[in-house]
Amino acid sequence: MIVTIDGPAGAGKSSIAKRVAQRLGFEFLDTGALYRAVTLGAIRAQIDFQDVDALVQYAKQVNLRWDGQRVFLNGDDVSDEIRSPTVTDAIRFVADVPEVRHQLSRLQREIAVGRDIVTEGRDQGSEVFPRAECKIFLTASAQERARRRQKQLADAGRPMQIEQILRAQERRDEEDRSRPVGALRPADDARVIQSDGMTSEQVLEDALRIVEEVRRRDERHAPRQPADTNSTGGDS
Ligand code: C5P
């Protein structure tokens, strides 16, 4: 079974997706980490971000591996380095290129094949896994997301003005929504969780309830098992 969780930056997708996967005993895939790793690789290889052909060539030959928790670039664990502002600021050059998205979508499908998995990103329900059994779109207002981010930063000893956070967030939202391929949007059949005013526990329970509803619905629609021929009452 595939569960997709999409939504804008700062909606808390990663932590919820991880926890949903844990509770269900599913694998977890952070697709943002793959975009980040390719971006870091392109920076390291000193590729000119305006040179789309070079970016595409790079994305085709780079060796990316996801082990369920961490991401490896040409064998190197880059899970921490990909979170740097330098990488975040440059991602759009990579994520905007349709052929790069094509490569990464293919990798995402390879990782998910035959697995019970929760995948998290922007385009998982709409483009990468259009036939996923369960699609969730997790969102929150810009103000609420910025407040949460501000608290996270303060807790990490990096206080920042809310206006500054809002500005950066608006820029990322706009980039994510306006991309010609793989834009951030809920799939038509996604269930939306609008998480303003909810605790992360409540969001988690909501997401698990949605998965459970989908499972029950699918069980009801599953073809019936053939009648047990050993049971009593069979006309032999
Ligand atoms: O989820 P995260 O914030 O780590 O994603 C980083 C960036 O990667 C996003 O802002 C978006 O531009 C890009 N991304 C994407 N498609 C995905 C996941 C992430 O374009 N499925």
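Biologist: Do strand 1 and strand 6 (residues 117-121) run parallel or antiparallel?

Modeller: Strands of a sheet pair through backbone hydrogen bonds, either parallel or antiparallel. Strands (E, at least two residues) and helices (H or I, at least four) are DSSP runs numbered from the N terminus, and two strands pair if DSSP finds at least two bridges between them. Strand 1 and strand 6 are joined by five bridges, one of which puts Ile5 with Glu120, and their direction is parallel.

Biologist: What kind of model is this?

Modeller: Residues are numbered from 1 along each chain as its sequence is written, and side-chain values use heavy atoms, leaving out hydrogens and water. Local features need pLDDT of at least 70 and side-chain atom pairs pLDDT 80 or more, while totals for chains, interfaces and linings use all residues, since the model is predicted.

Biologist: Which residue in strand 7 stands opposite Thr4?

Modeller: Strand 1 also pairs with strand 7 (residues 134-139), in parallel, over four bridges. Across from Thr4 is Lys135.

Biologist: How many residues of strand 1 (residues 2-6) are buried?

Modeller: Buried means under 20% relative accessible area, exposed over 50%, and partly exposed in between, with a 1.4 Å probe and protein chains only. Ile2, Thr4 and Asp6 are buried on one side, and Val3 and Ile5 on the other. Strand 1 is therefore largely enclosed by the rest of the structure, and the buried count is five of the five.

Biologist: How far apart are the end C-alpha atoms of helix 7 (residues 142-155)?

Modeller: The expected span of a helix is 1.5 Å times one less than its number of residues. For the 14 residues of helix 7 that gives 20 Å, and the model agrees because its end C-alpha atoms are apart by 20 Å.

Biologist: Which helix do the buried residues of helix 7 pack against?

Modeller: These buried residues are Glu144, Arg145, Ala146 and Leu153. With contact meaning heavy atoms within 4.5 Å, they pack against helix 8 (162-178).

Biologist: How far is a polar side-chain atom of Arg172 from an oxygen atom of the ligand?

Modeller: A residue is near a molecule if one of its heavy atoms lies within 4 Å of it, and 16 residues surround the ligand, with Arg172 among the closest. A polar contact is a pair of N or O atoms within 3.5 Å. For Arg172 the distance is 2.7 Å.

Terms used:
Polar contact = N/O pair within 3.5 Å; in protein donor to acceptor, adjacent residues only side chain to side chain.
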